[in-house]
Amino acid sequence: MMLEDKHYKAMKYLMEGKKVTDIANLCNVSRVTIYNWMNDKEFAKELDKLKLEVQSSAKEYINNKIKCYVDEIEELALDKDVSSKVRADLLKYLVNRVWGNTTVKTELSVNSSEEETEFNINEFMKDIQKNNT
């Protein structure tokens with residue numbers, strides 16, 4: 001099949017998650033035609049190529065901003081005004097992203113009184129490193 005503008009238009013709508021019926025209406029073709037296109041090797045190959053380009057572009061965008069995202073997570077994790085549970089979850093997330101999920105389950109108990117439990121990040125990191133060795 002020779003791909004035309006209507007095929008690329010349908011691919012765009014498919015990537016946007018539109019329903020086949022809606023795509024057929026927008027492209028002025030039948031639903032069966034859309035399904036036939038989707039089963040065509042050339043159409044499917046081009047659609048996969050376009051999806052990979054979008055994924056690659058999104059990954060590049062996120063990679064360019066990753067330091068900003070990590071800094072924000074770290075800032076929240078160390079903010080004493082944020083609950084101990086949220087801070088612990090954020091720290092766990094950061095550690096797991098770097099070292100992978102730990103195999104040792106660590107339980108954190110939160111003091112339910114008005115007084116906030118002091119959280120020492122250095123001790124937390126040492127415990128995690130000790131558990132991973």
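How many aromatic pairs does a search of the whole structure find? One, and we'll get to its rings below. This is a predicted model, so local features need pLDDT of at least 70 and side-chain atom pairs count only at pLDDT 80 or more, while totals for chains, interfaces and linings use all residues. Residues are numbered from 1 along each chain as its sequence is written, and side-chain values use heavy atoms, with hydrogens and water left out.

**Overall build**

- The protein chain has six helices and zero strands, where helices are DSSP runs of H or I with at least four residues, strands are E runs of at least two, and numbering goes from the N terminus.
- Read from the N terminus, the order is simply α-α-α-α-α-α.
- Of its 133 residues, 23% count as buried (buried is under 20% relative accessible area, exposed is over 50%, and partly exposed lies in between, using a 1.4 Å probe and protein chains only).
- Take the contacts (heavy atoms within 4.5 Å) between residues at least 6 apart in sequence: 56% of them join residues at least 24 apart.
- The chain exposes about 10500 Å², with carbon and sulfur atoms supplying 51% of that; the areas come from the Shrake-Rupley method with a 1.4 Å probe, and for residues only the protein chains shown count as cover.

**How α1 meets α3**

- Helix α1 (residues 5-16) packs on helix α3 (residues 31-39) at about 90°, with the axes 11 Å apart. Axes here are lines fitted to C-alpha atoms, for helices over the stretch in contact, and angles run from 0 to 180 degrees between N-to-C directions.
- That angle makes α1 roughly perpendicular to α3 (65 to 115 degrees; under 35 is roughly parallel, over 145 roughly antiparallel, and the rest oblique).
- On the α1 side the contact uses Lys 6, His 7, Ala 10 and Leu 14, and on the α3 side Ile 34, Trp 37 and Met 38.
- Sorted by class, that's five nonpolar, one polar and one charged residues. Nonpolar covers Ala, Val, Leu, Ile, Met, Phe, Trp, Tyr, Cys and Pro, charged covers Asp, Glu, Lys and Arg, and the others, Gly among them, are polar.

**How α2 meets α3**

- α2 (20-27) and α3 pack at about 105°, with their axes 8 Å apart, so these two are roughly perpendicular as well.
- Val 20, Thr 21, Ile 23 and Ala 24 of α2 make the contact with Arg 31, Ile 34, Tyr 35 and Met 38 of α3.

**The aromatic pair**

- The rings of Trp 37 and Phe 43 sit with their centres 6.1 Å apart and their planes at 35°, so the pair is tilted. Rings of Phe, Tyr and Trp (its six-membered ring) pair if their centres lie within 6.5 Å; planes under 30 degrees apart are stacked, over 60 edge-to-face, and the rest tilted.
- Trp 37 counts as buried at 6% relative accessibility, and Phe 43 is buried at 1%.

**Two residues to look up**

- Asn 28 isn't a glycine, yet it has a positive phi of about 55°. Asn 28 is found in the loop between α2 and α3 and is exposed, with a relative accessible area of 70%.
- Asp 48 belongs to helix α4 (residues 41-78) and is partly exposed at 44%. The C-alpha atoms of Asp 48 and Met 15 are 9.8 Å apart, although 33 residues separate the two along the chain.
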